[in-house]
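Here are my notes for a colleague who is opening this entry without having seen it before. Please read the numbered points beside the sequence and the model.

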Amino acid sequence: MLSDLHSGNKVVGAKQSRRAIQEGLARKVFLASDAAPALTAPLLRLCRQASVPVTASRTMRELGQAAGIQVGASVVTLL
């Protein structure tokens, strides 16, 4: 599924991910296991409310690389 992050339709970052979840566009959310809980906990709650599957087993560095960006990513959402 991480390979989908590089080539698939996605948004990177908490604000864009939150918007995608609220608008019903999110298919799956990837949360970095080493990201600040203050950032990821509200997104996790939002995903549960919207019944969006969540994976939280990758690091920020791994998510950033999988998404094709040069920096770490705390959250990446597949659309």
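1. The model is a predicted one, in which local features need pLDDT of at least 70 and side-chain atom pairs count only at pLDDT 80 or more, while totals for chains, interfaces and linings use all residues. Residues are numbered from 1 along each chain as its sequence is written, and side-chain values use heavy atoms, with hydrogens and water left out.

2. As to overall dimensions, a compact globule with 79 residues would have a radius of gyration near 12 Å, and the 11 Å of this chain agrees with that; the radius is taken over C-alpha atoms, and the globule rule is 2.2 Å times the number of residues to the power 0.38. The C-alpha trace spans about 30 × 25 × 20 Å along its principal axes. Of the contacts (heavy atoms within 4.5 Å) with a separation of 6 or more, 80% come from residues 24 or more positions apart.

3. The chain holds four helices and four strands, which are DSSP runs numbered from the N terminus (helices H or I, at least four residues; strands E, at least two). From the N terminus on, these elements run α-β-α-β-α-β-α-β.

4. The four strands form an open sheet in the order 1-4-2-3 with mixed pairing, where two strands pair if DSSP finds at least two bridges between them. Strand 1 and strand 3 (54-58) stand at the edges with a single partner strand each, so one side of each has no neighbour in the sheet. From one strand to the next the twist averages 20°, with axes being lines fitted to C-alpha atoms, for helices over the stretch in contact, and angles running from 0 to 180 degrees between N-to-C directions.

5. Strand 4 (residues 75-78) is antiparallel to strand 1 (residues 10-12), to which three bridges join it, and valine 12 has valine 76 as its bridge partner there. Strand 4 also pairs in the antiparallel sense with strand 2 (residues 28-32), over four bridges, and here valine 29 stands opposite threonine 77. In a regular strand the side chains alternate between the two faces of the sheet. In strand 4, Val75 and Thr77 point one way and Val76 and Leu78 the other, and all are buried.

6. Strand 2 and strand 3 run parallel and are joined by three bridges, with arginine 58 of strand 3 as the bridge partner of alanine 32. Is lysine 28, at 18% relative accessibility, buried or exposed? This residue of strand 2 counts as buried because of that 18% value, and its side chain makes a polar contact of 3.1 Å with that of threonine 55. Such a contact is a pair of N or O atoms within 3.5 Å; within protein, one must be able to donate a hydrogen and the other to accept it, and residues adjacent in sequence count only if both atoms are side-chain atoms.

7. Helix 3 (residues 37-50) lies across strand 2, strand 3 and strand 4, at about 160° to strand 2. Helix 4 (residues 60-67) lies across strand 1, strand 2, strand 3 and strand 4, at about 135° to strand 2.

Technical notes. Buried means under 20% relative accessible area, exposed over 50%, partly exposed in between (1.4 Å probe, protein chains only).
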